[in-house]
Amino acid sequence: MGLVGSFEALVLVERHLFALIDNDPGNEEPFARIPGNSAFLVHEDSVVVASDLADQLARVRVEIWDAAPDGPAGDGFRAIGEVASVSFESGRIQLVNLMREPAGDEYALTSPGPYRVRVWAGPQEEDAQEQARYFGQSGCVCGSP
(Lines give C-alpha, C1' and ligand atoms only; values in the text may rest on other atoms or scores of the structure.)
Protein backbone atom coordinates (compact mmCIF):
# COMPACT_ATOMS: atom_id res chain seq x y z
CA MET A 1 0.00 0.00 0.00
CA GLY A 2 1.34 3.41 -0.88
CA LEU A 3 0.74 6.95 -1.88
CA VAL A 4 0.28 7.20 -5.66
CA GLY A 5 0.02 10.98 -5.96
CA SER A 6 -1.05 14.14 -4.19
CA PHE A 7 -1.63 17.84 -4.62
CA GLU A 8 -2.62 20.72 -2.38
CA ALA A 9 -4.09 24.17 -2.77
CA LEU A 10 -5.39 27.10 -0.78
CA VAL A 11 -9.17 27.01 -1.14
CA LEU A 12 -11.48 29.85 -0.23
CA VAL A 13 -14.06 28.20 2.02
CA GLU A 14 -17.24 30.22 1.49
CA ARG A 15 -20.30 29.56 3.62
CA HIS A 16 -18.45 26.52 5.01
CA LEU A 17 -18.22 24.83 1.56
CA PHE A 18 -15.64 23.73 -1.01
CA ALA A 19 -15.46 20.81 -3.44
CA LEU A 20 -13.25 18.38 -5.30
CA ILE A 21 -14.76 18.06 -8.77
CA ASP A 22 -14.35 16.20 -12.03
CA ASN A 23 -13.17 18.94 -14.37
CA ASP A 24 -15.47 17.92 -17.24
CA PRO A 25 -17.30 21.17 -18.16
CA GLY A 26 -20.50 19.18 -18.85
CA ASN A 27 -20.88 18.09 -15.24
CA GLU A 28 -23.76 19.37 -13.18
CA GLU A 29 -23.35 22.04 -10.54
CA PRO A 30 -21.40 20.43 -7.66
CA PHE A 31 -23.18 22.54 -5.04
CA ALA A 32 -26.70 21.57 -6.18
CA ARG A 33 -26.82 19.36 -3.09
CA ILE A 34 -24.86 20.19 0.05
CA PRO A 35 -23.93 18.07 3.06
CA GLY A 36 -24.82 18.77 6.67
CA ASN A 37 -22.42 20.34 9.14
CA SER A 38 -18.88 18.93 9.21
CA ALA A 39 -19.58 16.22 6.65
CA PHE A 40 -19.13 15.59 2.94
CA LEU A 41 -21.40 14.49 0.12
CA VAL A 42 -20.46 12.57 -3.01
CA HIS A 43 -22.61 13.12 -6.11
CA GLU A 44 -22.29 13.78 -9.86
CA ASP A 45 -18.51 13.29 -10.07
CA SER A 46 -17.83 15.59 -7.11
CA VAL A 47 -17.07 15.58 -3.41
CA VAL A 48 -18.61 18.56 -1.60
CA VAL A 49 -17.18 19.25 1.86
CA ALA A 50 -18.93 21.19 4.62
CA SER A 51 -16.14 22.58 6.79
CA ASP A 52 -16.12 24.12 10.25
CA LEU A 53 -14.34 27.04 8.59
CA ALA A 54 -16.29 29.91 7.04
CA ASP A 55 -15.21 32.66 4.67
CA GLN A 56 -11.49 32.08 4.93
CA LEU A 57 -8.72 30.20 3.19
CA ALA A 58 -7.96 26.59 4.01
CA ARG A 59 -4.96 24.56 2.98
CA VAL A 60 -6.41 21.39 1.44
CA ARG A 61 -4.35 18.34 0.51
CA VAL A 62 -5.71 15.62 -1.77
CA GLU A 63 -3.96 12.26 -1.70
CA ILE A 64 -4.50 9.34 -4.06
CA TRP A 65 -3.59 5.93 -2.63
CA ASP A 66 -3.57 2.46 -4.17
CA ALA A 67 -5.42 1.14 -1.07
CA ALA A 68 -7.22 2.76 1.86
CA PRO A 69 -4.72 4.50 4.17
CA ASP A 70 -4.92 4.35 7.95
CA GLY A 71 -5.31 8.11 8.32
CA PRO A 72 -3.25 11.30 8.19
CA ALA A 73 -0.02 11.60 10.09
CA GLY A 74 -0.01 14.21 12.82
CA ASP A 75 -2.03 15.17 15.85
CA GLY A 76 -5.41 16.78 15.90
CA PHE A 77 -6.92 15.25 12.74
CA ARG A 78 -10.47 13.89 12.90
CA ALA A 79 -12.53 11.98 10.36
CA ILE A 80 -15.47 13.76 8.76
CA GLY A 81 -18.47 11.74 7.57
CA GLU A 82 -18.46 8.14 6.37
CA VAL A 83 -16.35 6.55 3.62
CA ALA A 84 -18.05 6.91 0.21
CA SER A 85 -17.34 5.95 -3.41
CA VAL A 86 -16.96 8.32 -6.38
CA SER A 87 -15.86 8.13 -10.01
CA PHE A 88 -14.29 10.99 -11.94
CA GLU A 89 -15.17 10.14 -15.56
CA SER A 90 -12.84 12.66 -17.22
CA GLY A 91 -9.90 11.61 -15.04
CA ARG A 92 -9.13 15.29 -14.30
CA ILE A 93 -9.93 16.66 -10.84
CA GLN A 94 -9.62 20.05 -9.19
CA LEU A 95 -10.44 21.81 -5.94
CA VAL A 96 -12.96 24.65 -6.29
CA ASN A 97 -14.71 27.21 -4.10
CA LEU A 98 -18.45 27.84 -3.88
CA MET A 99 -18.34 30.04 -7.00
CA ARG A 100 -16.63 27.12 -8.79
CA GLU A 101 -13.40 29.10 -9.13
CA PRO A 102 -10.36 26.80 -9.30
CA ALA A 103 -7.97 26.57 -6.38
CA GLY A 104 -4.61 25.46 -7.70
CA ASP A 105 -3.91 23.33 -10.73
CA GLU A 106 -5.90 20.49 -12.24
CA TYR A 107 -4.69 16.96 -11.36
CA ALA A 108 -4.72 14.06 -13.84
CA LEU A 109 -5.73 10.70 -12.35
CA THR A 110 -4.41 7.43 -13.79
CA SER A 111 -8.01 6.15 -14.17
CA PRO A 112 -11.53 7.54 -13.66
CA GLY A 113 -12.16 5.31 -10.64
CA PRO A 114 -14.12 4.32 -8.70
CA TYR A 115 -12.36 5.80 -5.70
CA ARG A 116 -13.19 5.44 -2.02
CA VAL A 117 -13.24 8.86 -0.36
CA ARG A 118 -12.32 9.65 3.22
CA VAL A 119 -12.12 13.19 4.58
CA TRP A 120 -10.15 14.41 7.59
CA ALA A 121 -10.02 17.87 9.15
CA GLY A 122 -6.96 19.11 10.96
CA PRO A 123 -6.38 21.81 13.55
CA GLN A 124 -6.56 25.45 12.52
CA GLU A 125 -3.20 27.17 12.33
CA GLU A 126 -1.95 30.60 11.34
CA ASP A 127 0.52 30.69 8.46
CA ALA A 128 2.77 33.77 8.56
CA GLN A 129 3.98 33.09 4.99
CA GLU A 130 0.50 33.50 3.49
CA GLN A 131 -1.52 36.67 2.92
CA ALA A 132 -4.68 35.55 4.67
CA ARG A 133 -4.82 35.82 8.43
CA TYR A 134 -6.11 32.37 9.37
CA PHE A 135 -5.95 29.00 7.72
CA GLY A 136 -7.56 25.71 8.48
CA GLN A 137 -6.17 22.44 7.34
CA SER A 138 -8.38 19.83 5.75
CA GLY A 139 -7.48 16.60 4.09
CA CYS A 140 -9.50 14.88 1.40
CA VAL A 141 -8.07 11.47 0.63
CA CYS A 142 -9.14 9.34 -2.30
CA GLY A 143 -7.90 5.75 -2.42
CA SER A 144 -8.62 3.10 -5.03
CA PRO A 145 -10.25 -0.05 -3.61
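Visitor: Is Asp 52 buried, partly exposed or exposed?
Guide: This is a predicted model, and its values are computed. Buried means under 20% relative accessible area, and exposed means over 50%. Asp 52 has a relative accessibility of 46%. That value lies in between, so Asp 52 counts as partly exposed.

Visitor: Which residue forms a salt bridge with Asp 52?
Guide: A salt bridge needs a side-chain nitrogen of Lys or Arg within 4 Å of a carboxyl oxygen of Asp or Glu. Here the closest N and O atoms are 2.3 Å apart. The partner of Asp 52 is Arg 78.

Visitor: How many residues apart in sequence are the parts that Arg 78 and Asp 52 tie together?
Guide: Arg 78 lies in strand β6, residues 78-86. Asp 52 lies in the loop between β4 and β5. The pair therefore ties together parts whose separation in sequence, in residues, is 26.

Visitor: Which strands hold Arg 59 and Glu 8?
Guide: The side chains of Arg 59 and Glu 8 meet in a salt bridge, at 3.6 Å from N to O. The pair ties together parts that are 51 residues apart in sequence. Arg 59 lies in strand β5 and Glu 8 in strand β1.

Visitor: What is the N to O distance between Glu 8 and Arg 61?
Guide: The side chains of Glu 8 and Arg 61 meet in a salt bridge. Glu 8 is in strand β1 and Arg 61 in strand β5, 53 residues apart. From N to O, the distance is 3.6 Å.

Visitor: Which residues are linked in a network of salt bridges?
Guide: Glu 8 meets Arg 59 in a salt bridge. Glu 8 also meets Arg 61 in one. Glu 63 belongs to the network too. The linked residues are Glu 8, Arg 59, Arg 61 and Glu 63.

Visitor: Does His 43 count as buried or exposed?
Guide: His 43 sits in strand β3, residues 40-43. The cut-off for buried is under 20% relative accessible area. His 43 has 7% relative accessibility, so this residue counts as buried.

Visitor: Which backbone oxygen lies 2.8 Å from a polar atom of the His 43 side chain?
Guide: His 43 touches several residues, including Glu 29, Ala 32 and Val 48. The backbone oxygen of Arg 33 lies 3.4 Å from a polar atom of the His 43 side chain. The backbone oxygen at 2.8 Å belongs to Pro 30.

Visitor: How many strands are there in the protein?
Guide: Read along the sequence, the pattern is β-β-β-β-β-β-β-β-β-β. The number of helices is 0. The number of strands is 10.

Notes:
Residues are numbered from 1 along each chain as its sequence is written. This is a predicted model: local features need pLDDT of at least 70, side-chain atom pairs count only at pLDDT 80 or more; totals for chains, interfaces and linings use all residues. Side-chain values use heavy atoms; hydrogens and water are left out. Helices (H or I, at least four residues) and strands (E, at least two) are DSSP runs, numbered from the N terminus. Buried means under 20% relative accessible area, exposed over 50%, partly exposed in between (1.4 Å probe, protein chains only). A polar contact is a pair of N or O atoms within 3.5 Å; within protein, one must be able to donate a hydrogen and the other to accept it, and residues adjacent in sequence count only if both atoms are side-chain atoms. Contact means heavy atoms within 4.5 Å. Lists of a residue's contacts leave out its neighbours within four places in sequence.
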